[in-house]
Amino acid sequence: MSSHFGVQEDEESGDSGEFVRSTDKHEREFLEKADEELEKVNTFYAAQEAELLGRGEALIDQLRILADVKRILDDHAATRHARGSLLGRSRSMRAVAPPSPALSNSGRYLLSGLATPQSMSDGSVELQQAQMTEGAAVADEVMAALERNGVSFVGLPGKKEGSGRGGRLQLPSTVRIDIPASNPGRAALKVWEELVNVLRKDGAAAFVHRKKVQHAEKNIRDAFMALYRGLELLKKFSSLNVKAFTKILKKFVKVSEQQRATDLFSQKSKRSSFSTSNKVLQLSDEVESLFLKNFAGNDRMVAMKYLNPQRPKNTHMITFLVGLFTGTFVSLFIIYAILAHVSGIFASAGNTAYMEIVYHVFSMFALISLHCFLYGCNLFMWKSTRINQNFIFDFAPNTALTHRDAFLMSASIMCTVVTALVINLFLRNAGASYANAVPGGLIVLSAGLLFCPFNVFYRSTRYCFMRIMRNIIFSPFYKVLMADFFMADQLTSQIPLLRHMEFAACYFMAGSFRANPYETCTNSQQYKHLAYAISFLPYYWRAMQCLRRYFEEHDINQLANAGKYVSAMVAAAVRFKYSATPTPFWVWLVLISSSGATVYQLYWDFVKDWGFFTPKSKNLWLRDGLILKNKFTYYISMMLNLVLRLAWTESVMKIRVSKNETRLLDFSLASLEIIRRGHWNFYRLENEHLNNVGKFRAVKTVPLPFRELETD
């Protein structure tokens, strides 16, 4: 790195040296610092440019392989139909061996070992020779296409064995279509292929299957999108730095009146690679052209929808609807409170059944609404502090929720719920026998809206939510992404919600609202055992996710994280047992197990999730990178998280209150836990964002499907 801008070649070196000697000390320091920053920008740009160019070359090679493989499979589709006719005629004459794997109707081929010795032992010799000929032709073409794109093979391709087996083609390839086992279907396919490869006696065999080719095509498309985004970011980096150095020099001229020094530095910055290189522009145009041709059917609008998705324009309609629903909710809630007070529902001892039904249904939707509201607050804070949550969660910018959308969902849910409560109360006072069916109808309406296939009420968000919930429920069979374990963490704070859902399902689905009292559910032993299991489920799912990540990443921290959720399950089991048998022995076990789990959780919150207590940090007890300007906010947040983590102590205090007050207390504690989780969310993503920034992660890495196997 040069010491200052003037140390260059020949004439420029003399001019700059003369200038440095004649300038003021502060001006020399400024120019040396500017030169140092210019070198940093150049070095970073060159490294990123080389990485993107290398990724682009590899991706283009992958696209060529994909195009050749698809062409070969399409060309041989007609031959398979003709072969089917030949098989039909042959069956009428003699027993025929099963079709070769190379010619199965599923579109599956083997790159090596196209015909097995067993398949040659019986059946028509002519038919087997025809199968071998076409299978060898498919393998020859596929392997030739791979070799043209730089993929090597072991042995001598195309070499025939003279072992008396009919000249069987020996093609032990070292290439495979590598599709990550991110779901049970892909995992089963991968296990099946590995099993077949082990059982075969003629060497390694790489499957070429139409389903795998489709997955490979999707991976390559996603890789093109990620590459294009990286190129666009690097172009913005270049243009912003050009403007920055230009403005810096203009300001320097005004202050120092050293025009000659400014001209010399300007010439150097203009000759820098980040200012003059056009490789990124050329690759960007090539990527756009290839994507347009191969993935968008030459439709530019479709191509740019994927390559450069635009955020929908903000409208005032959403803000208006938020205010409308909020005002309606407040008005209806006041009306409901007045009607309930006049009817004497809360004061009368004979309305236990009504309170049980209303409490569970109202609490269920109220907790969902509160979580949506806090998520909206998170989105607002992340946007205000420029935390890129869409990149962290891998959400599409054109369909991702904004804070206004989350507030609208929260307000509309509460408005609908209070409307149902008012209708239910009117029907009850009128003596209608079906009044208690109104909360059930509300649940059915909510479920119908969640699964609605029409593009209304944020369909992309609803489908994304259901997909994430599927991944969580079937943990550890699905690959764990950031959105998956983040949502699973939310569920660990919504255990009361799951219990309310259990009661609602038992009460309404079992028909209790028509035939049986509500005690049918609450007094059942099966109901109590199910409540015990539901308390475990979120922690179990989260622990399974940690184990899945450990087996994939071999990170010991994932095992430690799983231990945190196991300790939470143990503490929950002990508290459940204590609620059934409140003896001094179980009190001590509750204190020991819950205290240990709380310490474990607090350590993980502060150190692992939030990144605090970094050794030798310039910010006491915090980390070096802080987004919020006021450090005192972080200390308050730590104390608040500590206090709310101790909410379990209420279970051992045995506070003597009435039934209604107990419900209110339980609802308040559940709400405080959701507030703690919403508060936790901000710092969790702040730490993740700072880690991404520190490692220059702005584009996701997509694994390429075609890869060469390691050979001895």
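1. Glutamate 232 and lysine 235 sit 3 residues apart in helix α6 (residues 210-256), so about one helical turn separates them. Helices here are DSSP runs of H or I, at least four residues, numbered from the N terminus. The two side chains form a salt bridge at 2.8 Å, N to O; the term requires a side-chain nitrogen of Lys or Arg within 4 Å of a carboxyl oxygen of Asp or Glu.

2. The model is predicted, with local features needing pLDDT of at least 70 and side-chain atom pairs pLDDT 80 or more, while totals for chains, interfaces and linings use all residues. Residues are numbered from 1 along each chain as its sequence is written, and side-chain values use heavy atoms, without hydrogens and water.

3. The structure has 23 salt bridges. One of them joins aspartate 605 to arginine 676, with the closest N and O atoms 3.9 Å apart. This pair links distant parts of the chain, helix α22 (residues 584-609) and helix α25 (residues 659-694), 71 residues apart. Aspartate 605 is buried at 1% relative accessibility, and arginine 676 is buried at 0% (buried: under 20% relative accessible area; exposed: over 50%; partly exposed: in between; 1.4 Å probe, protein chains only).

4. Lysine 564, in helix α21 (residues 556-580), is buried without a salt bridge; the nearest side chain of opposite charge, aspartate 609, is 4.3 Å away. Lys and Arg count as positive, Asp and Glu as negative, with His and the chain ends not counted.

5. Cysteine 372 is buried at 17% relative accessible area, as is cysteine 452 at 15%. The disulfide count is 0, taking a pair of cysteine sulfur atoms within 2.5 Å as the criterion.

Terms used: Helices (H or I, at least four residues) and strands (E, at least two) are DSSP runs, numbered from the N terminus.
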